[in-house]
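This report covers the fold and the packing of one protein chain. Please keep the sequence and the model in view while reading.

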Amino acid sequence: ADAASGLSCQGWTNYEEPLQDVLSEFSRHQSMGGGVRPQQQQRHVLLITDGVPTHGDPTARQQLRRAQDLGVVVHSVYLGWPRTFPESLCAISETTKGSQFAAFYQPAPRGSINRG
């Protein structure tokens, strides 16, 4: 607990890159199966983040188009503070018909942590 109280965020959040990676895996898997995807097969991604995008395309436009083409649903989980769900994360889930989840926290002011 003492070590964690001295940590700080550095602001390196990128939605675009992890989506690109997972969609490439879905594409590779689809091409190995002859390119045919049964309609009943479900493809879901869980995008977990603790921040708003600071790098890459915050809307992940290309990845959203690709997800829709592949039939991938992106569900998003936001763990953060303040109590606002990032708009771009909301748009990613809504565009792909995914769900949104959030867990908000309120950090204790420095020096107010009870260590006894």
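## Terms and model

A residue is called buried under 20% relative accessible area, exposed over 50%, and partly exposed in between (1.4 Å probe, protein chains only). Helices (H or I, at least four residues) and strands (E, at least two) are DSSP runs, numbered from the N terminus.

The model is predicted: local features need pLDDT of at least 70, side-chain atom pairs count only at pLDDT 80 or more, and totals for chains, interfaces and linings use all residues. Residues are numbered from 1 along each chain as its sequence is written, and side-chain values use heavy atoms, with hydrogens and water left out.

## Overall make-up

The protein has 4 helices and 3 strands. From the N terminus, the elements follow the order α-α-β-α-β-α-β. The chain has 116 residues, and 29% of them count as buried.

Contact here means heavy atoms within 4.5 Å. Take the contacts between residues at least 6 apart in sequence: 74% of them join residues at least 24 apart. The accessible surface is about 7,900 Å², and carbon and sulfur atoms hold 54% of it. Such areas come from the Shrake-Rupley method with a 1.4 Å probe; for residues, only the protein chains shown count as cover.

## The sheet

Two strands pair if DSSP finds at least two bridges between them. The 3 strands form an open sheet in the order 1-2-3, with parallel pairing. Strand 1 and strand 3 are the edges, each pairing on one side only. From one strand to the next, the twist averages 15°. Axes are lines fitted to C-alpha atoms, for helices over the stretch in contact; angles run from 0 to 180 degrees between N-to-C directions.

Strand 2 and strand 3 are joined by 5 bridges in the parallel sense. Between them, the chain passes through helix 4 in a right-handed β-α-β crossover. Right-handed means that, with the strands pointing away from the viewer, the path from the first strand over the helix to the second runs clockwise. Val77 has Phe101 of strand 3 as its bridge partner.

Helix 4 lies across strand 1, strand 2 and strand 3, at about 155° to strand 2.

Helix 4 buries Ser88, Leu89, Cys90, Ile92 and Ser93. These residues pack against helix 2, strand 1, helix 3, strand 2 and strand 3 (100-104). Just after helix 4, Lys97 has a positive phi of about 65°.

## Helix 3

Which residues of helix 3 are buried? They are Gln63, Leu64, Ala67 and Leu70, in a helix that spans residues 61-70. Seen down the helix axis, they fall within an arc of 130°, so they line one face of helix 3. The arc is taken from the directions from the helix axis to the C-beta atoms. On the other side, Arg61, Gln62 and Asp69 are exposed.

The cover over the buried residues of helix 3 includes helix 2 (16-32), strand 1 (43-49), strand 2 (72-80) and helix 4 (87-95).

## Val72

Val72 belongs to strand 2. Its relative accessibility is 2%, so Val72 counts as buried. Leaving out residues up to four places away in sequence, Val72 touches Leu23, Phe26, Arg43, Val45, Ala67 and Thr96. Phe26 and Val72 are 46 residues apart in sequence, yet 8.5 Å apart in space, C-alpha to C-alpha.
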